[in-house]
Amino acid sequence: SVGGRGGLRRARPAAVTSGGSVGAAGGSAAPVDAARAGALLAELHRSGRTLAEMPEGLRPATVAESYAIQDALHAALALPIGALKVGCTSDAAQVALRIDEPIAGRLAVTTLHPDGVALDLAGFHHPPFLECEFGLRFGVDVAHDASPPADAEAAWSLVDAVVPTVD
């Protein structure tokens, strides 16, 4: 779900690949209307309502369409971004979600909580799935549209701390 409080519940994962193929779980043949999809997800987030699946025409068929919807959602919510996230880095996670590459996302500052916080589960429409992860804290600001670091050494030079996180 979006921010854990309304949005799209994960029913069956769509098989989405960077090459644009869609598996048996569905997707649309026409290009997705990312602006409408993002606006719908923002409205669901604000209202706390959920959907079993996205309406026809709003389901991404490619990773690029998924990112376009993510961009539209963030634009519609107009919330400052507090962190970046990379997920599905293992083969097992990619197989389970029927995707063929890691995925990235942005986390709004309103969804980040300090160490030791107690969250009221009544605010969730379904039990949250918790994962322990490593967080990398950058010691410098990095522009959203910045070019990626040239190599691993350059990437690590941006990091000033590795911290435990729960997602």
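This is a predicted model: local features need pLDDT of at least 70, side-chain atom pairs count only at pLDDT 80 or more; totals for chains, interfaces and linings use all residues.
Residues are numbered from 1 along each chain as its sequence is written, and side-chain values use heavy atoms, with hydrogens and water left out.

Let me start with the whole chain. The protein chain holds four helices and six strands, where helices (H or I, at least four residues) and strands (E, at least two) are DSSP runs numbered from the N terminus. Read from the N terminus on, the order of these elements is β-α-β-α-β-α-β-β-α-β. Of the 167 residues, 25% count as buried, a word that stands for under 20% relative accessible area, with exposed meaning over 50% and partly exposed in between, using a 1.4 Å probe and protein chains only. Contact means heavy atoms within 4.5 Å, and among contacts between residues at least 6 apart in sequence, 68% join residues at least 24 apart.

Now look at helix H2, residues 63-77. At 1.5 Å a residue its 15 residues should span 21 Å, and its end C-alpha atoms are 21 Å apart, which agrees; the expected span is 1.5 Å times one less than the number of residues. Among its buried residues are Val63, Glu65, Ile69, Leu73 and Leu77. Which elements do the buried residues of H2 pack against? They pack against helix H1 (34-47), strand S3 (81-87) and strand S4 (103-108). Just after H2, Ala78 takes a positive phi of about 50 degrees.

H1 and H2 deserve a moment together. Their axes, which are lines fitted to C-alpha atoms over the stretch in contact, with angles from 0 to 180 degrees between N-to-C directions, are 7 Å apart, and the helices pack at an angle of about 50 degrees. That makes H1 oblique to H2, since angles under 35 degrees count as roughly parallel, over 145 as roughly antiparallel, 65 to 115 as roughly perpendicular and the rest as oblique. The contact involves residues including Ala34, Gly38 and Leu41 of H1 and Ala68, Ala72 and Ala76 of H2.

The largest nonpolar core has eleven residues in all, among them Val32, Leu44, Met54 and Leu58; such a core is a set of buried Ala, Val, Leu, Ile, Met, Phe, Trp, Tyr and Cys residues joined through side-chain atoms within 4.5 Å. H1 and H2 are the elements that give two or more residues to this core, and H1 gives the most, with five.

Finally, some single residues. Most residues other than glycine have a negative phi. Cys88, however, has a positive phi near 55 degrees; Cys88 lies in the loop between S3 and helix H3 (91-97) and, at 15% relative accessibility, counts as buried. Arg98 also has a positive phi near 55 degrees, but its place is in the loop between H3 and S4, and at 36% relative accessibility Arg98 counts as partly exposed.

Leaving aside neighbours within four places in sequence, Gly135 is in contact with Ala161, Val162, Val163 and Thr165.
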